[in-house]
Amino acid sequence: MAKRKILVDSTRRELEAHGTETFPMTVNHDDLWSFEGKNVPIHWHNDLEISLPREGEAIYQVYQKSYRVRPGEGLLLNRNVPHSCSSPRNERALYSTILVRPDFLYGDFGSDVERNCFRPFLQNSAVPCIHLTEADENGKEILQKLNQVETVFDQKSFCYELKIKGLLCEVFSMILYAHRQELTKFIPANQQELERLEKMLNYLNLHFAEVISLQELADQVHLSREVCCRLFKKMTGKTITGYLEEYRVNKSFPLVQSGQYSMTQIAELAGFSNPSRFASAFRKRFGCNPGEYNSLKNNRLEVKALKKYLEMKQICK
């Protein structure tokens, strides 16, 4: 089965539309293992995103902070915030994702709802995300309403669009009111920093198979090497070396799955300096050596097939 990818442009902005122009929201049912590399790489979009884990834990990296989100909790991500998602110890994680364009909720830009309610959040770099738990003010009710949004979206009964809009407006009213003190500490989003990060990610992703000089990367954004490193860590929570290793390992994954290349060839194609470094990075990410991956996968399939056969045999008795 083909692995899912987050389609992005050269700046890591997601290209896939969420919902339609006439109903700009959707609910996805996601499995982290269905994504290439079993993780969602750094990306951002103009829509608000709410993640609701259903099975296993999801770890979101938002700038320099990690958020471990468990079933019964949620994470609200602000628009235009670079984020990635993985799971602890490479374990399976199933979660629902609500994505909604902000103007679907506030109407016209400049309206009282947009200016007084949403703007202090949407244009505030001090609040890139909000961790939703039952311990928060009205947290239990907020999470219940978000679960209801998912149910209504899946059922799509008459007037479900209006029901969803009403529920989401209630949810955001409760969330923004509960965090009103944080929203008073308004720090305008730094567009220049975001643009510089976009250029750095674009350069790294285009040249991942080559030897990348830190000076060359810093030159792309007209910064010193030291400032370049600090900005990258601030915006992604990862070092440049750490991000590049993770990106290269993810690029190597389909090559390993194909079984058509030697470890030396894959290391070279993915940009690792030697097979040993590649094997170490792959083992850190996936818990096994690249040479062991396909045999382990085949063994798991055989066990799964045997289990299914025994279940069917039991049914037929």
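Student: What covers the buried residues of H8?

Tutor: In this predicted model, the cover includes strand E2 (40-43), strand E4 (58-62), helix H6 (191-206), helix H7 (214-220) and helix H9 (240-258).

Student: Which residues of H8 are called buried?

Tutor: They are Cys228, Leu231, Phe232, Met235 and Thr236. Buried means under 20% relative accessible area, so these five names fall below that cut-off.

Student: What puts them on the same side of H8?

Tutor: They cover an arc of only 105° around the axis, and therefore they share one side of H8.

Student: What span is expected for H8, and what does the helix reach?

Tutor: H8 runs over residues 225-236 and has 12 residues.

Student: What follows H8?

Tutor: Glycine 237 does, with a positive phi near 80°.

Student: Now to arginine 285. Why is it said to have no salt bridge?

Tutor: A salt bridge needs a side-chain nitrogen of Lys or Arg within 4 Å of a carboxyl oxygen of Asp or Glu. For buried arginine 285, the nearest side chain of opposite charge is glutamate 246, 5.6 Å away. That is beyond the cut-off, so no salt bridge is counted.

Student: Which backbone oxygens lie by a polar atom of the arginine 285 side chain?

Tutor: That of glycine 37 lies 2.5 Å away, and that of lysine 38 lies 3.3 Å away. A polar contact needs N or O atoms within 3.5 Å, so both distances meet the cut-off.

Conventions: Residues numbered from 1 in each chain as written. Predicted model: local features only at pLDDT ≥ 70, side-chain atom pairs only at ≥ 80, totals over all residues. Heavy atoms only, no water. Helix = DSSP H or I, 4+ residues; strand = E, 2+ residues; numbered from the N terminus. Expected span 1.5 Å × (residues − 1). Buried < 20%, exposed > 50% of the residue type's maximum accessible area, 1.4 Å probe, protein only. Arc of directions from axis to C-beta. Contact = heavy atoms within 4.5 Å. Lys, Arg positive; Asp, Glu negative; His and termini not counted. Polar contact = N/O pair within 3.5 Å; in protein donor to acceptor, adjacent residues only side chain to side chain.
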